[in-house]
Amino acid sequence: MNQGSLCLRGGVLYVARHAQTAHVRPYDLDGRPLGPGYSFRGRGGAPIALGGIDVDSDRQVWSVDGLAGEVRAHSLFGRETAAFCGAGADFDDARGVLVGASDVALYETDEALSVLVARSGVRRHALALFTREGALSESLRPLGDPAGQFQGLVRVAQRGPWTWACEAAAGRVQVFRDFEFHFSFRIEPYSGERAEPVAVALLGDGRAVLALGHSRAAVVLVDAGGRLQRVLAPRGAGHGEATDVGDVAVEDGPSERETRLAVLDSDAERLAVYNLAGQCHGVFETLPGGG
């Protein structure tokens with residue numbers, strides 16, 4: 001089974017999928033490949049568990065290997081440009097450990113680039129900020145509690161001062177401002193049962209696109225306070241529907257109808273492009289690592 005992740009930047013959609021080997025390729029929003037992409041495995045040819053990607057202003061693709069506990073960056077030609085390993089520790093839930101990492105997001109300013117890494121499981125130190133060289137800057141506090149624990153972080157998104165982290169096991173999204181806890185929320189797109197947030201992408205106006213999993217699967221639009229605005233893609237396998245979503249990515253346009261949203265679903269076997277009115281513009285014909 002493939003797993004995958006997305007990043008949408010400058011009109012280019014970066015698609016990564018993996019099943020022991022990671023495959024990354026850039027596309028335009030009509031589904032045309034913009035290059036051959038590249039593939040890579042863990043050190044020494046070991047299997048890789050690709051825990052998400054993000055792309056910096058130099059078009060380097062940053063990724064994290066949850067098996068090895070390592071962050072890596074590659075050019076679009078596949079040349080490794082940066083790498084660092086997490087801390088080694090006898091205690092799994094320790095500051096700076098990266099084994100079990102589930103996602104990566106970049107925080108870029110004029111002065112520096114920092115790397116935010118999320119880890120799965122029930123852990124206190126599951127969301128941490130590193131310098132690009134791998135020095136630990138800080139470990140974010142779950143719900144603002146220095147003794148608290150995150151409950152199954154699966155995805156994290158960063159935009160400006162805002163960090164949104166999806167806790168699938170808790171059915172909750174935690175929101176941080178300048179890496180300090182701000183608020184949390186749960187969402188019920190359909191009345192009666194709490195949904196599990198499994199992916200998030202942030203818009204420039206403070207709103208967010210959330211993918212929800214399992215029996216309450218859907219792709220939804222929420223406001224800056226986490227309140228549901230509309231369902232963009234209901235659960236299902238048909239056109240304009242989504243199931244088993246792996247990741248979402250969004251790029252602002254002049255209007256909701258011109259904003260583009262990419263949704264990778266069906267165990268990373270299908271990639272569709274929407275707008276914020278919920279219109280599906282089409283499905284990509286080929287994906288990296290598809291044989």
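A: Two strands pair if DSSP finds at least two bridges between them. Strands are DSSP runs of E, at least two residues long, and helices are runs of H or I, at least four long, numbered from the N terminus. This is a predicted model, where local features need pLDDT of at least 70, side-chain atom pairs count only at pLDDT 80 or more, and totals for chains, interfaces and linings use all residues. Residues are numbered from 1 along each chain as its sequence is written, and side-chain values use heavy atoms, with hydrogens and water left out.

Q: In which sense do β9 and β10 pair?

A: Antiparallel, over 7 bridges. β9 covers residues 101-108, and β10 covers 113-119. The link from β9 to β10 is a hairpin of 4 residues.

Q: Is strand β9 mostly covered or open?

A: In a regular strand, side chains alternate between the two faces of the sheet. Here β9 is mostly covered, with 6 of its 8 residues buried (under 20% relative accessible area; exposed is over 50%, partly exposed in between; 1.4 Å probe, protein chains only).

Q: How many cavities of 30 Å³ or more does a search of the whole structure find?

A: Rolling a probe the size of a water molecule over the atoms shows where empty space is left. A cavity is a set of points on a 1 Å grid, over the protein atoms alone, where a 1.4 Å probe fits but cannot get out; its lining residues have an atom within 4 Å of a point. Points are joined across faces, edges and corners, and the volume is the space filled by probe spheres set on them. The search gives 1 cavity of 30 Å³ or more. The largest cavity holds about 40 Å³ of space.

Q: Which residues lie nearest the centre of the largest cavity?

A: They are G96, V97, R119, H125 and A128, out of 13 lining residues. β10 and β12 (127-131) are the elements that give two or more residues to this lining. β12 gives the most, with 3. By class, the lining has 8 nonpolar residues (Ala, Val, Leu, Ile, Met, Phe, Trp, Tyr, Cys, Pro), 2 charged (Asp, Glu, Lys, Arg) and 3 polar (the others, Gly among them).

Q: Where does V97 lie?

A: V97 is in the loop between β8 (80-85) and β9. V97 counts as buried because its relative accessible area is 7%. D145 is 48 residues away along the chain, and the two C-alpha atoms are separated by 19 Å.

Q: Which residues have the most contacts inside the largest nonpolar core?

A: A nonpolar core joins buried Ala, Val, Leu, Ile, Met, Phe, Trp, Tyr and Cys residues through side-chain atoms within 4.5 Å. The largest has 20 residues, and V209, V219, V248, L261 and V263 have the most contacts inside it. At least two residues come from each of β19 (196-202), β20 (208-213), β21 (218-222), β22 (228-234), β23 (247-251), β24 (260-265) and β25 (270-274). β19 supplies the largest share, 3 residues. Another core lies apart from it, with 16 residues, including W164, V200, L212 and A218.

Q: What is V248 in contact with?

A: Contact means heavy atoms within 4.5 Å. Beyond its neighbours within four places in sequence, V248 is in contact with L6, A199, V200, A201, V209, A211, L261, A262 and V263.

Q: Is F40 buried or exposed?

A: F40 is buried, because its relative accessible area is 9%. F40 sits in strand β4 (38-40). F40 touches T21, A22, V24, I48, L50, S63, R72 and H74, leaving out residues up to four places away.

Q: What is the phi of F179?

A: Near 70°, a positive value in a residue other than glycine. F179 lies in the loop between β17 (172-177) and β18 (180-185). F179 is buried, because its relative accessible area is 8%. D244 also has a positive phi, about 50°, although D244 is not a glycine.

Q: Where is D244 found?

A: In the loop between β22 and β23. D244 is partly exposed, because its relative accessible area is 47%. Setting aside neighbours within four places in sequence, D244 is in contact with L264, D265, S266 and D267.

Methods
1 Å grid on protein atoms, 1.4 Å probe; cavity = no way out; pocket = protein on both sides within 12 Å on 5 of 7 lines; lining within 4 Å.
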